[in-house]
Amino acid sequence: MRITENFSLSEFDCKDGSELPTALLPNVLDLADNLQVLRDYLGVPISINSAYRSLEYNRNIGGATNSQHLLAKAADIVVESKSPEQVANIIKYLISEGKMMQGGLKAYKTFTHYDIRGHKARW
């Protein structure tokens, strides 16, 4: 099921196969809308490594106990033609322009974490 021009709902599912709680669907839709802004700006595909995580899956992979992934408000993404740092810098720019929601942002070695928590968070 396509939820934006370039993203389908299944891309945001938990990797353990657990179902997204219906109550969290609005968060996924907001996250997807923000990622679509990034996709439109870049003009290239974005791969989602991890988005929604069930509590059990998050525990099993050593995720933070207060992870935005648990609320379906976060995505770990990869853009093949850009480094994680470049992606984070572009997101910062789009946030400063008011085109993407302020939230959590971190460039890791192989991916960029972005979330829509509503306030600036960097670590």
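This is a predicted model: local features need pLDDT of at least 70, side-chain atom pairs count only at pLDDT 80 or more; totals for chains, interfaces and linings use all residues.
**Notebook: Gln 68, the sheet and its helix**

I started at Gln 68: setting aside neighbours within four places in sequence, I find it in contact with Lys 73, Ala 74, Asp 115 and Arg 117, where contact means heavy atoms within 4.5 Å. Gln 68 sits in the loop between α2 and β2. My helices (H or I, at least four residues) and strands (E, at least two) are DSSP runs, numbered from the N terminus. Gln 68 has a relative accessible area of 12%, so I log it as buried. My scale, with a 1.4 Å probe and protein chains only, is buried under 20% relative accessible area, exposed over 50%, and partly exposed in between.

Residues are numbered from 1 along each chain as its sequence is written, and side-chain values use heavy atoms, with hydrogens and water left out.

Most residues other than glycine have a negative phi. Ala 72 is buried, at 1% relative accessible area.

**Salt bridges**

How many salt bridges does the structure hold? I get two, taking a salt bridge as a side-chain nitrogen of Lys or Arg within 4 Å of a carboxyl oxygen of Asp or Glu. Side chains of opposite charge can pair when their charged atoms come close.

One is Asp 115 with Arg 117, whose closest N and O atoms are 2.8 Å apart. Asp 115 is buried at 0% relative accessibility, whereas Arg 117 is partly exposed at 26%. Both residues are on the contact list of Gln 68.

The other is Arg 53 with Asp 76, at 3.2 Å from N to O. This pair ties together distant parts of the chain, 23 residues apart: Arg 53 is in the loop between β1 and α2 (55-60), and Asp 76 is in strand β2. I find Arg 53 buried at 9% relative accessibility and Asp 76 buried at 6%.

**The sheet**

Next I traced the strands. Five of them make an open sheet with mixed pairing, in the order β1-β2-β4-β3-β5; I call two strands paired if DSSP finds at least two bridges between them. At the edges are β1 (47-50) and β5 (121-122), each pairing on one side only.

β2 (residues 74-78) runs antiparallel to β4 (residues 112-115), with four bridges between them. Across that pairing, Ala 75 has Tyr 114 as its bridge partner, and Asp 76 stands opposite His 113. On its other pairing, β4 is antiparallel to β3 (residues 104-107), with three bridges. There, I see Lys 106 bridged to His 113. A hairpin of four residues connects β3 to β4.

Which way do the β4 residues point? Thr 112 and Tyr 114 go one way, His 113 and Asp 115 the other, and all are buried.

**Helix α1**

Gly 43 follows the helix, with a positive phi near 75°.

The buried residues of α1 include Leu 31, Leu 35, Leu 38 and Leu 42, but also Asn 27, Asn 34, Gln 36 and Arg 39. Their cover includes β1, β2, α3 (84-96) and β4.

**Core**

Nonpolar side chains tend to be buried together in soluble globular proteins. I define a nonpolar core as buried Ala, Val, Leu, Ile, Met, Phe, Trp, Tyr and Cys residues joined through side-chain atoms within 4.5 Å. The largest has 31 residues, and those with the most contacts inside it are Phe 12, Leu 35, Leu 38, Ile 48, Ile 77, Ile 91 and Tyr 114. α1, β2 and α3 are the elements that give two or more residues to this core.

I followed up Leu 38: beyond its neighbours within four places in sequence, its contacts are Ile 46, Ile 77, Val 87, Ile 90, Ile 91, Leu 94 and Met 100.
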